[in-house]
Amino acid sequence: MGTPAQVVVFDVNETLSDMSPLARRFTDVGAPGTLAPTWFASLLRDGFALTSVGENPAFAEVGKAVLTGLLATVDGLTRSPGDAVAHIMGGFAELEVHPDVVPGLRAMKDAGLRLVTL
């Protein structure tokens, strides 16, 4: 048997936070809500790629760049590209955690585990 875990490392976005409300942000600006998962997957892809070659871009910086490119392909935006990007990115500040996160984190902390996020 191996050594029991002492530290648990979490990614925040999607793992702890519920990102589904971001789809509404897309529709608010005239883009299909179904673009939200595509955008986020592309954001992760580009962020990991840049990191693997020694860059250290800010999450928001990569998110805005990917979003700007994606929204450029959408006809019928109801806001300027800059306003659309700002509105969608602003949704991160309003995301809530999944319902099982708080009790799960509490149980791990009570079990003596150290919890950290990326």
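Start by selecting Asp-28 and Arg-24: both sit in helix α1, 4 residues apart, which is about one turn of the helix. Keep in mind that this is a predicted model. Show the side chains and you'll see Asp-28 and Arg-24 meet in a salt bridge, at 3.5 Å from N to O. Arg-24 is exposed, at 59% relative accessibility, while Asp-28 is partly exposed, at 24%.

Stay in helix α1 (residues 22-28) and click on Arg-25. Is Arg-25 buried or exposed? With a relative accessibility of 13%, Arg-25 counts as buried, because the cut-off for that is under 20%. Which residues does Arg-25 touch, leaving aside neighbours within four places in sequence? Select His-87, Ile-88, Gly-90, Gly-91 and Glu-94 to see them.

Zoom in on Glu-94. Glu-94 forms a salt bridge with Arg-25, and their closest N and O atoms are 2.9 Å apart. Glu-94 lies in the loop between α4 (81-90) and α5 (101-110), so this pair ties helix α1 to a part of the chain 69 residues away in sequence.

Next, hop to Arg-45 and Asp-46, another salt bridge, with the closest N and O atoms 2.7 Å apart. Arg-45 is exposed at 52%, and Asp-46 is partly exposed at 25%. The whole structure has 3 salt bridges.

Last stop: select Val-7, Val-9 and Leu-118. Together they form a nonpolar surface patch with about 310 Å² of accessible area. Val-9 belongs to strand β1 (residues 7-10) and is partly exposed, at 48%.

Terms used:
Residues numbered from 1 in each chain as written. Predicted model: local features only at pLDDT ≥ 70, side-chain atom pairs only at ≥ 80, totals over all residues. Heavy atoms only, no water. Patch = residues over 30% accessible without salt bridge, like charges linked within 9 Å, V, L, I, M, F, W, Y side chains within 5 Å. Areas by Shrake-Rupley, 256 points an atom, 1.4 Å probe, with all protein chains shown as cover. Salt bridge = Lys/Arg side-chain N within 4 Å of Asp/Glu carboxyl O. Helix = DSSP H or I, 4+ residues; strand = E, 2+ residues; numbered from the N terminus. Buried < 20%, exposed > 50% of the residue type's maximum accessible area, 1.4 Å probe, protein only. Contact = heavy atoms within 4.5 Å.
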